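User: I've got a new model open. Can you walk me through it?
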Amino acid sequence: GVALVGIPMAIGALGFTSAGIAAGSIAAKMMSAAAIANGGGVAAGSTVAMLQSVGAAGFSAATNVGLSAALGTVGGGIG
């Protein structure tokens, strides 16, 4: 529910957007650090790459199902 909407919104607020990484954002700083660490490119599957994927397209259906199950379990344990 709310977490599945809130997570992509938070990722977008960091600067990972559907139009790419926003200049001057936290995402831009993360991308720069990752590129420097990897010799000029951002590695596929890295944290920056995954966050940009979510920022660009949101979660896949499989991720939504997995997160819903996991967050439901956590919520049940807390409540």
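Analyst: One term before we start. Helices and strands here are DSSP runs: a helix has at least four residues, a strand at least two, and both are numbered from the N terminus. Also, this is a predicted model.

User: OK. What does UniProt place at residues 6–28?
Analyst: The UniProt entry, which is unreviewed, puts a "transmembrane region" there.

User: What's the mean pLDDT of the protein?
Analyst: The mean is 77. Residues at 70 or more make up 67% of the protein.

User: Where is confidence highest, and where is it lowest?
Analyst: Helix H2, residues 26–37, is highest, with a mean of 94. Helix H4, residues 61–78, is lowest, at 51.

User: Which residues stay under 50?
Analyst: Residues 74–79 do. The model gives them zero contacts beyond four places in sequence. Where pLDDT is low, the predicted coordinates should not be read in detail.

User: Switching topic. Which residues form the largest nonpolar core?
Analyst: Seven residues: Ile 11, Phe 16, Ala 27, Ala 34, Val 48, Leu 51 and Val 54.

User: Which helix gives the most to this core?
Analyst: H3 does, with three residues. H2 and H3 (47–57) each supply at least two.

User: And how does the core draw on the two domains?
Analyst: At least three of its residues come from domain 1 (1–37), and at least three from domain 2 (39–78).

User: Take Ile 11. What is it in contact with, leaving aside neighbours within four places in sequence?
Analyst: Ile 11 is in contact with Phe 16, Leu 51, Val 54 and Gly 55.

User: Next, Ala 10. Which helix is it in?
Analyst: Ala 10 is in helix H1, residues 2–14. Its C-alpha is separated by 9.2 Å from that of Gly 55, 45 residues apart along the chain.

User: Last one, Ser 46. Where is it, and is it buried or exposed?
Analyst: Ser 46 sits in the loop between H2 and H3. Ser 46 is buried, because its relative accessibility is 18% and the cut-off for buried is under 20%.

User: What lies 2.8 Å from a polar atom of its side chain?
Analyst: The backbone oxygen of Ala 43.

Technical notes
Residues are numbered from 1 along each chain as its sequence is written. This is a predicted model: local features need pLDDT of at least 70, side-chain atom pairs count only at pLDDT 80 or more; totals for chains, interfaces and linings use all residues. Side-chain values use heavy atoms; hydrogens and water are left out. pLDDT is the predictor's confidence in each residue, from 0 to 100. Contact means heavy atoms within 4.5 Å. A nonpolar core is a set of buried Ala, Val, Leu, Ile, Met, Phe, Trp, Tyr and Cys residues joined through side-chain atoms within 4.5 Å. Buried means under 20% relative accessible area, exposed over 50%, partly exposed in between (1.4 Å probe, protein chains only). Domain bounds come from an automatic or database domain assignment. UniProt positions are given in the numbering used here, feature names are shortened, and annotations may be inferred rather than shown by experiment. A polar contact is a pair of N or O atoms within 3.5 Å; within protein, one must be able to donate a hydrogen and the other to accept it, and residues adjacent in sequence count only if both atoms are side-chain atoms.
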